[in-house]
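Good morning. I have one structure to go through today. Please take a moment to look at it first.

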Amino acid sequence: MNTSLDSACLTTSIELLHTETWLTHRLADLDGHAHEPLLRRFATWHLLPTLRARAARQPLPASARRFAGEQFTYAQAFLAWLDEHDLDLRQCGQADLDSWHATHPSPIAPH
């Protein structure tokens, strides 16, 4: 029995479970909000598959879960900013993205 490997697998499973639970709660808080479907797709088709693929290659540290949470929160803030500026994501152009980034520097550093 390889205790180190067993421990790494358990840690990875726990980190994935924590992320899925956290996302479930965040999305439930957005129930009925216009951004909920888009954020759900972002979580389902980008955040979780990215974490699962990483977990398949190596143990998943808690920092990976935090990073996914930061990405979700940053995406949610961006959509709120679009609303505040009467913009739709489909209309958003490079000047709008530049304005967002100039006023909202990313707290996220890729891992």
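What does the accessible surface of the chain come to, and what percentage of that belongs to carbon and sulfur atoms? The surface is about 7200 Å², with 58% belonging to carbon and sulfur atoms; the areas come from the Shrake-Rupley method with a 1.4 Å probe, and for residues only the protein chains shown count as cover.

A note on the source: this is a predicted model, where local features need pLDDT of at least 70, side-chain atom pairs count only at pLDDT 80 or more, and totals for chains, interfaces and linings use all residues. Residues are numbered from 1 along each chain as its sequence is written, and side-chain values use heavy atoms, leaving out hydrogens and water.

The chain has four helices and zero strands, taken as DSSP runs numbered from the N terminus (helices H or I, at least four residues; strands E, at least two). Of its 111 residues, 28% are buried, meaning under 20% relative accessible area with a 1.4 Å probe, protein chains only.

Now the aromatic rings. Searching the whole structure gives five aromatic pairs, defined by ring centres within 6.5 Å, using the six-membered ring for Trp; planes under 30 degrees apart are stacked, over 60 edge-to-face, and the rest tilted. Phe78 and Trp81 are stacked because their ring centres are 6.2 Å apart and their planes at 15°. Both lie in helix H3 (residues 62-84), three residues apart, and both are buried.

Phe78 also pairs edge-to-face with Trp100, at 5.2 Å centre to centre and 70° between the planes. This pair links helix H3 to helix H4 (residues 94-103), across 22 residues. Trp100 is buried as well. Together with Tyr74, the residues Phe78, Trp81 and Trp100 form one aromatic cluster.

Methods: Buried < 20%, exposed > 50% of the residue type's maximum accessible area, 1.4 Å probe, protein only.
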